[in-house]
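Trainee: Please take me closely through one part of this fold, strand by strand, and then through the elements that surround it.

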Amino acid sequence: MLSRLEISQSDFDELTAFIKEKYGLDLARKKSIVESRLSNYVLDCGFNSFSEYLSAVYSDETGRETANLINRLTTNHTYFMRETDHFQHFMAKFLPYAEKNVLDHDMRIWSAGCSFGNEPYNLAMCMDDYFGFDRRFWDLKILATDISLNALRSAKNGIYTSMSIKNIPEDWRKKYFHPYSNTKDLWQVSDTIRQNVEFRYHNLMDDFTFKKKFDLIVCRNVMIYFDDDTKAEICRKFYDAMEEGGYFYIGHAESVPKDMPFVKVAPAIYRKLGVAGNTIAFSRAYRSCRYFDCFSIDLYIYFGDNRASDLLLV
């Protein structure tokens, strides 16, 4: 008996084309990774081959099996204070700039590809520490999105191991975390921070149907999975979804396509600077709907016994 189920080249090519078209992910050079992450699951589900399993995926109109497939193929390795330079810039540069220029006190931040929630929670802690008592005068809720429903469910719970929070300053650990269920190794983010992050499903390949633009978009270590054309398409959509003067954080191993109009201000940090250069007015009319014209994604996708909509903040 084979220790690992093997996928034929034709099945692999069909699968990678399906994933790329639907999610933008380029897995063409990752055949061994696909096999290692799916083979046991395929056998456990009672299929004798990848061909049988993929036929079930492609014919599943509920979307449940596609969701399971993505949950197993996407990498969700993350931890708090990852790539610390971004958080230093966020506290020292972005927040003072936004405090002065976001005149309606409605700061709009999007963590795209948020994985298990470490990044948006980390940003929320920074804002709570920066504004202190004055935070009550601001709308500081962060939008956090991902294509993995499994990651979103975990992120919403906000429970992490001691290892994943080891880089958090000691005073922040005491202030923003509490032991989970009397265990020594699990910690939960405080309610104060959790209520300031809104988790939603979003596929970067879909149209961006946001009603208002963002002051900061954070999409770190996500675009490394896209080919150049897809990366350019998504960066253009990010650019169009940002306010003039807005900031864009990406991973240090990533780069913005050269033909993009972003201005690089530091390693892995870019800005949208229009014809007005550095003199940009942030005065904006407040509108009642916070992010989407209509959150129209029909999430009749099931995860285990729970509906996908039950895994998200509404």
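Mentor: Strands S9 and S10 run antiparallel and are joined by 3 bridges. Before we go further, please note that this is a predicted model, in which local features need pLDDT of at least 70, side-chain atom pairs count only at pLDDT 80 or more, and totals for chains, interfaces and linings use all residues. Residues are numbered from 1 along each chain as its sequence is written, and side-chain values use heavy atoms, with hydrogens and water left out. Helices (H or I, at least four residues) and strands (E, at least two) are DSSP runs, numbered from the N terminus. Two strands pair if DSSP finds at least two bridges between them.

Phe-248 has Tyr-270 in S10 as its bridge partner. S8 is mostly covered, with 8 of its 9 residues buried; buried means under 20% relative accessible area, exposed over 50%, and partly exposed in between (1.4 Å probe, protein chains only). S8 is joined in turn to S7 by 5 bridges, and this pair runs parallel. Cys-219 has Ile-250 of S8 as its bridge partner.

These strands belong to an open sheet of 7 strands in the order S6-S2-S1-S7-S8-S10-S9, with mixed pairing. Its edge strands, each of which pairs on one side only, are S6 (197-201) and S9 (263-266). On average, neighbouring strands of this sheet are turned by 25° against each other, direction ignored. Axes here are lines fitted to C-alpha atoms, for helices over the stretch in contact, and angles run from 0 to 180 degrees between N-to-C directions.

Elsewhere in the sheet, strand S1 (residues 109-112) runs parallel to S2, and 4 bridges join the two. Ala-112 stands opposite Thr-145 in S2. In S2, 5 of the 5 residues are buried, so this strand is largely enclosed by the rest of the structure. Both faces of S2 are covered: Ile-142, Ala-144 and Asp-146 are buried on one side, and Leu-143 and Thr-145 on the other. Helix H7 (residues 149-157) lies across S2 (142-146) and S6, running at about 165° to S6.

At 4% relative accessibility, His-202 counts as buried.

S4 and strand S5 (residues 186-189) pair in the antiparallel sense over 3 bridges, and Phe-177 has Val-189 in S5 as its bridge partner.

Among the helices, H6 (residues 118-131) has 14 residues, which at 1.5 Å a residue should span 20 Å; its end C-alpha atoms are 20 Å apart, which agrees. The expected span is 1.5 Å times one less than the number of residues. H6 is largely enclosed by the rest of the structure, because 12 of its 14 residues are buried; among them are Tyr-121, Leu-123, Met-125 and Phe-131. Gly-132, which follows H6, has a positive phi near 55°.

Finally, the axes of helix H1 (residues 9-23) and helix H4 (residues 64-73) come within 13 Å and cross at roughly 95°. H1 and H4 are therefore roughly perpendicular to each other; angles under 35 degrees count as roughly parallel, over 145 as roughly antiparallel, 65 to 115 as roughly perpendicular, and the rest as oblique. H1 contributes Leu-15, Phe-18, Ile-19, Lys-22 and Tyr-23 to the contact, and H4 contributes Thr-66, Leu-69, Ile-70 and Leu-73.

How values were computed:
Contact means heavy atoms within 4.5 Å.
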